[in-house]
Amino acid sequence: MKFFVDTADIAEITELNDTGLLDGVTTNPSLVAKTGKDFVATVKEICRLVKGPVSAEVTATDHETMLAEGRKLAGIATNIAVKVPLTMDGLKTCKVLSDDGIMVNVTLCFSPAQAILAAKAGASFISPFVGRLDDIGHDGMALIADIVQIYNNYSDFQTEVLVASIRHPMHVIEAAKLGADVCTVPPAVLKALVKHPLTDKGLDAFLADWKKTGQSILGGN
Ligand code: E4P
């Protein structure tokens, strides 16, 4: 399973990228607005830092302008995945950009039918939003199960399932159990994945016992 981090914050991306666990980055207009920084400059910097796909979203809603924006974003770096919304214009734009060899992430997916269309349009990634579905009393993970099952039925569907709108570690675990390709995870959730109280307790005990021996791995003969 691949891990993308879901943020446009350069400091957070740098910190997590240094762990060697990061496979890519997703941004969206809300995350960019939160940084207060210039969009294109920020995306350029992220692409310099991270080798894997970096999603940058178009903000137009009509096909022609989306296409122009998508081509401009794709020109920033070879690891850009142009993010388009799951609308008919977005799908049309996805098809043209994908045919040109540009990675496209189709975002704001809330149904299996939408995911089928994105795969037909040649998307590199489909982004189903699990948290936002859970928020309104639906089952976000059921959508992931449906999409994974459908995509597995067709070898010509090359689209990767990128689980988005992740709120907590259980979303990541459930997505992995279902065989989703990628999780895009907020920095706080990514950091929470490593935590377990028994790990902390066990380490404290090991270190206390080790101290009693008076030995040092680096200092001795
Ligand atoms: C990422 O591609 C999505 O835009 C993001 O995961 C949405 O998350 P949210 O529902 O927490 O805003």
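This is a predicted model: local features need pLDDT of at least 70, side-chain atom pairs count only at pLDDT 80 or more; totals for chains, interfaces and linings use all residues.
**Exercise 1.** Which residues point one way from β8, which point the other way, and are they buried or exposed?

*Solution.* Residues are numbered from 1 along each chain as its sequence is written, and side-chain values use heavy atoms, with hydrogens and water left out.

Step 1: Strands (E, at least two residues) and helices (H or I, at least four) are DSSP runs, numbered from the N terminus. Buried means under 20% relative accessible area, exposed over 50%, and partly exposed in between (1.4 Å probe, protein chains only).

Step 2: read off the sides. Val182 and Thr184 point one way from β8. Cys183 and Val185 point the other way, and all are buried.

**Exercise 2.** Describe how β8 and the strands linked to it are paired.

*Solution.* Step 1: two strands pair if DSSP finds at least two bridges between them.

Step 1: start from β8, residues 182-185. Strand β1 (residues 2-6) runs parallel to β8 and is joined to it by 4 bridges. Here Val5 has Val185 as its bridge partner.

Step 2: go to β7. Its pairing with β8 is also parallel, over 2 bridges, and Val163 of the protein stands opposite Cys183 in β8.

Step 3: move on to β6 (residues 125-128), which runs parallel to β7 (residues 160-163) and is joined to it by 2 bridges. The partner of Phe125 in β7 is Glu160.

**Exercise 3.** Describe the protein as a whole.

*Solution.* Step 1: count the elements. There are 11 helices and 8 strands.

Step 1: Along the principal axes, the C-alpha atoms fill a box of roughly 70 × 35 × 30 Å.

Step 2: Of the 221 residues, 43% are buried.

Step 3: look at contacts, meaning heavy atoms within 4.5 Å. Among contacts with a separation of 6 or more, 56% are between residues 24 or more positions apart.

**Exercise 4.** How many residues does the largest nonpolar core have, and which have the most contacts inside it?

*Solution.* Step 1: a nonpolar core is a set of buried Ala, Val, Leu, Ile, Met, Phe, Trp, Tyr and Cys residues joined through side-chain atoms within 4.5 Å. In soluble globular proteins, nonpolar side chains tend to be buried together.

Step 1: the largest core has 55 residues, and Val82, Val106, Ile126, Tyr151, Val161 and Val163 have the most contacts inside it. Helix α8 (residues 140-152) gives the most to this core, namely 7 residues. Another core, of 5 residues, lies apart from it and includes Phe4 and Leu162.

Step 2: Leaving aside residues up to four places away in sequence, Val161 touches Ile126, Ile144, Tyr151 and Val182, among others.

**Exercise 5.** Which residues are the closest to the centre of the largest pocket?

*Solution.* Step 1: on a 1 Å grid over the protein atoms alone, a pocket is an open set of points where a 1.4 Å probe fits, with protein on both sides within 12 Å along at least five of seven lines; lining residues have an atom within 4 Å of a point. Grid points are joined across faces, edges and corners, and a volume is the space filled by probe spheres set on the points.

Step 1: the largest pocket holds about 230 Å³. It is lined by 17 residues, and the closest to its centre are Asp6, Asn28, Leu31, Arg132 and Ser165.

Step 2: sort the lining. Ala, Val, Leu, Ile, Met, Phe, Trp, Tyr, Cys and Pro count as nonpolar, Asp, Glu, Lys and Arg as charged, and the others, Gly among them, as polar. This gives 6 nonpolar, 7 polar and 4 charged residues for the largest pocket.

**Exercise 6.** Where does Ser165 lie, and is Ser165 buried or exposed?

*Solution.* Step 1: Ser165 lies in the loop between β7 and α9 (169-177).

Step 1: Ser165 counts as buried because its relative accessibility is 8%.

Step 2: check the backbone. Ser165 is not a glycine, yet has a positive phi of about 60 degrees. Most residues other than glycine have a negative phi.
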